Amino acid sequence: MDHLIFILYLCIALPMIPLIIVLPEKKSKLLIGYVLVGMTICLNAGSINAILINLFRGDMVYVTTTISPISEEILKALPVLYFALVFSDDRDTLLSISFADGIGFAILENAYILTQNIEAVSAQWALARVIGATLVHGAGTAAVGLGMSYVRKRRKLFICGTFALLTAAITFHGIFNVFIQSQYSIVSLLFPSLVYALVVMAEFYRREDQKEAKA
């Protein structure tokens, strides 16, 4: 495990533990807890990615565009899948914790990449990396969580549905990684932002419809 990412993990994650203890609402505790889960996954994914890069003879571009999206999306989905199977398949809860999971992953990943490239970064890079990667990890995992709230209730669709959700998240992640490493890095900001905006709009109209139905 890289010593630097472990230090970053301790500096960012440990201060959240006292916060979880004093938060009065269970939902707030759950969300912060899943941010920590996402950061922990990122910590371990870094070790896995290092092994994969060595296996592919240091071909960083190939690993980050083809291999790591698969490993990272599967790792992020596991705690969401566990929650859906053991605790609750409530749509709003799964959407919240899965997004928190992805955000936690993005926080540690962005901090690590920034420290590794501190002399070369620019404002454009920061926007594309921080906003883009945050939305890719957050929205990708949230889509899996949202989908699980449907397929969990339908046993015949559960396995194939979960596989389809992961495939969509992996493809979404891989496309982002291709653009962020190219001369069209601005697309890596616009692409996930558009997807995120569509998801937010869909959720907004769904909740408005629910309010009207209750009225």
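Analyst: Valine 22 lies in helix α2, which covers residues 16-22. The model is a predicted one. The relative accessible area of valine 22 is 62%, and because exposed means over 50%, this residue counts as exposed. Together with Leu14, Ile17, Leu19 and Ile21, Val22 makes up a nonpolar patch on the surface. The accessible area of this patch is about 480 Å² in total.

In soluble globular proteins, nonpolar side chains tend to be buried together. Here, the largest nonpolar core contains 32 residues. Those that touch the most other members are Tyr9, Met39, Leu94, Leu108, Val144 and Met148. Two or more residues come from each of α1 (3-13), α2, α3 (26-55), α4, α5 (91-116), α6 (123-151) and α7 (155-180). The greatest contribution to this core is that of α3, with eight residues.

Leucine 108 shows how such a member is surrounded. With neighbours within four places in sequence set aside, leucine 108 is in contact with Ile5, Leu8, Tyr9, Ile12, Met39, Cys42 and Leu43. A further core of six residues lies apart from the largest one, and its members include Val136, Ala139, Phe176 and Ile180.

Beyond its neighbours within four places in sequence, alanine 139 is in contact with Phe99, Thr134 and Phe172. Isoleucine 103 is 36 residues away from alanine 139 along the chain, yet their C-alpha atoms are separated by 8.8 Å.

Glycine 174 belongs to helix α7. Its relative accessible area is 9%, so glycine 174 is buried. When neighbours within four places in sequence are left aside, glycine 174 is in contact with Thr65 and Pro69. Between the C-alpha atoms of glycine 174 and isoleucine 186 there are 16 Å in space, while the two residues are 12 places apart in sequence.

Serine 71 lies in helix α4, residues 60-86, and counts as buried because its relative accessibility is 16%. The side chain of serine 71 reaches the backbone oxygen of serine 68 at 3.1 Å. If residues up to four places away in sequence are not counted, serine 71 touches Asn49 and Leu52.

The structure holds one salt bridge. In it, the side chains of lysine 76 and glutamate 73 meet at 3.0 Å, N to O. These two residues are three residues apart in helix α4, which means that about one helical turn separates them. Lysine 76 and glutamate 73 are both buried.

Arginine 206, finally, lies in helix α8, residues 187-214. Its relative accessible area is 18%, so arginine 206 is buried as well. Not counting residues up to four places away in sequence, arginine 206 touches Arg91 and Asp92.

Conventions. Residues are numbered from 1 along each chain as its sequence is written. This is a predicted model: local features need pLDDT of at least 70, side-chain atom pairs count only at pLDDT 80 or more; totals for chains, interfaces and linings use all residues. Side-chain values use heavy atoms; hydrogens and water are left out. Helices (H or I, at least four residues) and strands (E, at least two) are DSSP runs, numbered from the N terminus. Buried means under 20% relative accessible area, exposed over 50%, partly exposed in between (1.4 Å probe, protein chains only). A polar contact is a pair of N or O atoms within 3.5 Å; within protein, one must be able to donate a hydrogen and the other to accept it, and residues adjacent in sequence count only if both atoms are side-chain atoms. Contact means heavy atoms within 4.5 Å. Patches are made of residues with over 30% relative accessible area and no salt bridge: like charges are joined within 9 Å, nonpolar side chains (Val, Leu, Ile, Met, Phe, Trp, Tyr) within 5 Å. Accessible areas come from the Shrake-Rupley method with a 1.4 Å probe; for residues, only the protein chains shown count as cover. A salt bridge is a side-chain nitrogen of Lys or Arg within 4 Å of a carboxyl oxygen of Asp or Glu. A nonpolar core is a set of buried Ala, Val, Leu, Ile, Met, Phe, Trp, Tyr and Cys residues joined through side-chain atoms within 4.5 Å.
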